[in-house]
Amino acid sequence: EKGGFDHFMLKEIFEQPQTIFDCMRGRLHSASGTITMAGIQQYAEQIINANRIIIIACGTSWHAGLVAEYIFEELCRINVEVEYASEFRYRNPVINKGDVILAVSQSGETADTLVAIEKAKEKGAIILGVVNVVGSSIARISHGGAYTHAGPEIGVASTKAFTAQLVVLTMMALKIAYIKGSIDGNRYKKLLLELDAIPEKVAWILNHHEKIKTIAEKYKTARDFLYLGRGYNFPVALEGALKLKEISYIHAEGYPAAEMKHGPIALVDEELPVVFIASKDSFHEKIISNMQEIKARKGKVIGIITEGDETSRALCDDYISIPEADEIVAPMLAVVPLQLLSYYIGVAKGCNVDQPRNLAKSVTVE
Ligand code: F6R
């Protein structure tokens, strides 16, 4: 059932070229420039005319929502807010008729997310679900949306569901931007091709897993980790830190790289590994200077960098390359080495990676 892998988590990480492909199959037609998503198409007008989109989720799904915020605002020019379901449901949120709510959930059963959208639905919001489990409670209560089609995820820590969420949310944003006319035609076509190329690029990263295992061995005794990223890769830093905590029980924090100097930089010494998600994008020069700041304080720099980026490589104690990609889709690639890093550190420490202590696959209690 683990398909020859030692753990479900590893199997699910390695399934990603296929699950990402499955998520796009029948939806993305780069040759004709079309994206078919009936459950989104139906609400396209409401989405375009919405004052704002509110994304509601927990944990890893919330991180996917954060990436989506950046993408929707950039491509669709619609105001997006991302909320923790637990916080949203217990305050008295302002919801107006016609507000569009996107609920992101692997299980479709997370209690906080479910109750939050029930409340919003009562107030007249349009609820769109981005859910993995077909027929789950969140899927049923939603007006529309799109399934992630990643297949059953058994490992408690979410991996393949996260990349599928990113793919669905990106396709949604592209579709809306195209209908709205807020995206340039060439950029639109280019991004469809970029999506097409993701499964192959993820497979390329997975082929380099031995190198990630070596890095895991080197840093497995660290007491703390810092993960830093900017822009589209900021939520990837949060996700990398969450995965490490869950799987290896090592304390880890994710931050926007520029926030470092407002506090966390006090933690940096020669013992502290700092993972930079530093693929080449419009923020690249900025993150390079953040890397230099860590180096100057003798922190250990582990870079997730674009293949062939010598400038970044020179600043890293260790690095993992990922293929070149447009910044909008880069998180789908950058998260993969972080999943593997957590996995190998967890295994090296003898942790139960498929079933970490104190965690449940779906959190159906508040
Ligand atoms: C992290 C993880 C959790 C879930 C969260 C939301 O690896 O699995 O943080 O992402 O409990 O679950 P869903 O997506 O099922 O609503």
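How many nonpolar, polar and charged residues does the lining of the second largest pocket have? By class, this lining has 7 nonpolar, 2 polar and 8 charged residues. Here Ala, Val, Leu, Ile, Met, Phe, Trp, Tyr, Cys and Pro count as nonpolar, Asp, Glu, Lys and Arg as charged, and the others, Gly among them, as polar.

The model is predicted: local features need pLDDT of at least 70, side-chain atom pairs count only at pLDDT 80 or more, and totals for chains, interfaces and linings use all residues. Residues are numbered from 1 along each chain as its sequence is written, and side-chain values use heavy atoms, with hydrogens and water left out.

A cavity is a set of points where a 1.4 Å probe fits but cannot get out. A pocket is an open set with protein on both sides within 12 Å along at least five of seven lines. Lining residues have an atom within 4 Å of a point. Points are joined across faces, edges and corners, and a volume is the space filled by probe spheres set on them.

The largest pocket holds about 570 Å³ of space. Its lining comprises 25 residues, with Cys-58, Gly-59, Thr-60, Lys-361 and Val-363 nearest the centre. Helix α13 contributes the most to this lining, 4 residues. Helices (H or I, at least four residues) and strands (E, at least two) are DSSP runs, numbered from the N terminus.

The ligand takes up the space of the largest pocket; more than half of its atoms lie within 2 Å of the grid points. Two elements give two or more residues to the shell around the ligand: α5 (59-76) and α13 (234-248). The shell has 14 residues, of which Ser-61, Ser-105, Gln-106, Ser-107 and Thr-110 come nearest.

A polar side-chain atom of Ser-107 lies 2.6 Å from a ligand oxygen. For Lys-243, the distance from a polar side-chain atom to a ligand oxygen is 2.9 Å. Val-156 has a backbone N or O atom 3.3 Å from an oxygen of the ligand.

The second largest pocket has a volume of about 340 Å³. Among its 17 lining residues, Arg-223, Asp-224, Glu-271, Leu-272 and Pro-273 are closest to the centre. Strand β8 (224-229) supplies the largest share of this lining, 3 residues.

How values were computed: A residue is near a molecule or strand if one of its heavy atoms lies within 4 Å of it. A polar contact is a pair of N or O atoms within 3.5 Å; within protein, one must be able to donate a hydrogen and the other to accept it, and residues adjacent in sequence count only if both atoms are side-chain atoms. On a 1 Å grid over the protein atoms alone, a cavity is a set of points where a 1.4 Å probe fits but cannot get out, and a pocket is an open set with protein on both sides within 12 Å along at least five of seven lines; lining residues have an atom within 4 Å of a point.
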